[in-house]
Amino acid sequence: MNSCTSTAHNHQEENNLNSITKSIDTLSLAPNGPFIELVFIPYSSGGFYISKYEITNEQYKVFIDSTKYDGSDHPSSKSTEPFLNHFKNGNYPVKKGDYPICYVNWWHTKAYCNWLSQKTGKTVRLPTKDEWEHVAGGLEKRIYPWGNEWDPKRCNWAGSIDGYKEAAPVGSFSNGTTPEGIHDLAGNIWEWCEDRVLRGGPWCMGPENVKTTYSSKEDTDRADDKFGFRIVVIIEKQREKLK
Ligand SMILES: [Ca+2]
């Protein structure tokens, strides 16, 4: 595929956009992936889809490849941790396509959402902090996504007892999901919310910070190796599907 001409590339780009609009419970970012898997969550008078996993390096790269977005409209306020600091020459580190995207500030996550909204014709945005907490804690208001008992091996938090010193590939803790199967709401990477707070805690903090009720207010201009996000897709009618 590396030898594709520019015409072929344009054709492929067109196909990419068509495939995105075919389904809303799996967004296809390219004909053969990557895909963003979505899960429907009833909420209030309607509901929304939320991504099953944190947005990955591979999924974010499709956006920057397609748009040439470089984050310079909102530079990171921390000069030592600029936009996509871990990428080299536009590529994520080898074999880390399924790791959560990081080194993004709030504006960089919004740029991704706005791009996906434009391509799909649907409202794609960050979860609000209330929506996020509803997904993580459920109607029973669980303390952790899986229940009320702390378990050091059900999420990626501080230390290596969970098997990871730093971030883990998304979906590495199948015993730490919500009943609906949403992964990594506790730990791995902090998740930016629409209300400009971070939720879920990162791979370097302890049990208090990964609780479903914990919020952290942060400078929205700051990117960091522990800041990432997931998306929600808003639908007009409850349980509507486009398939
Ligand atoms: Ca997380």
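This is a predicted model: local features need pLDDT of at least 70, side-chain atom pairs count only at pLDDT 80 or more; totals for chains, interfaces and linings use all residues.
β1 and β2 pair in the antiparallel sense, over three bridges. Across the pair, T26 stands opposite E37 in β2. The hairpin that links β1 and β2 has six residues between the strands. One of them, G33, takes a positive phi near 100 degrees.

Move on to the next pair. β2 and β3 are also antiparallel, and they share six bridges. V39 has I50 of β3 as its bridge partner. I41 is bridged to F48, again in β3. The hairpin here has two residues between the strands. In that hairpin S44 takes a positive phi, near 55 degrees.

From β3 the sheet continues to β9. These two strands pair in the antiparallel sense over three bridges. Y49 stands opposite V233 in β9. β9 in turn pairs with β4, antiparallel, over three bridges. There, R125 has V232 of β9 as its bridge partner.

Now put the strands together. The five form an open sheet in the order β1-β2-β3-β9-β4, with antiparallel pairing. Its edge strands are β1 (26-28) and β4 (123-125), each of which pairs on one side only. From one strand to the next, the twist averages 30 degrees.

Helices pack on this sheet. α3 touches β1 and β4, and its direction makes about 165 degrees with that of β4. α4 packs on the sheet too, touching β2, β3 and β9. The direction of α4 makes about 90 degrees with that of β2.

The largest nonpolar core holds 47 residues. Which of its residues touch the most other members? They are C102, V104, W192, F227, I231 and V233. Several elements give two or more residues to this core: the strands β2 (35-43), β3 (46-51), β5 (190-192) and β9 (232-234), and the helices α2 (57-67), α3 (106-120) and α4 (129-137). α3 gives the most, with four residues. V233, already met opposite Y49, is among the core members with the most such contacts.

Leaving aside neighbours within four places in sequence, W192 is in contact with W106, T109, L126, L198, F227 and F229. Of these, F227 is also listed among the core residues that touch the most other members.

α2 comes next. Its buried residues include N57, Q59, Y60 and F63. What covers the buried residues of α2 includes β2 and α3. After the helix comes K68, whose phi is positive, near 65 degrees.

Finish with a cysteine in a loop. C204 is found between β6 (197-199) and β7 (215-217). Is C204 buried, exposed or partly exposed? C204 has 17 C-beta neighbours inside 10 Å, so it counts as partly exposed. A buried residue would need 20 or more, and an exposed one 12 or fewer. Setting aside neighbours within four places in sequence, C204 is in contact with A158 and K226. A167 lies 37 residues from C204 along the chain, and their C-alpha atoms are separated by 8.7 Å.

Note on methods
Residues are numbered from 1 along each chain as its sequence is written. A nonpolar core is a set of buried Ala, Val, Leu, Ile, Met, Phe, Trp, Tyr and Cys residues joined through C-beta atoms within 7 Å. Two residues are in contact if their C-beta atoms, placed from the backbone, lie within 7 Å. Two strands pair if DSSP finds at least two bridges between them. Axes are lines fitted to C-alpha atoms, for helices over the stretch in contact, and angles run from 0 to 180 degrees between N-to-C directions.
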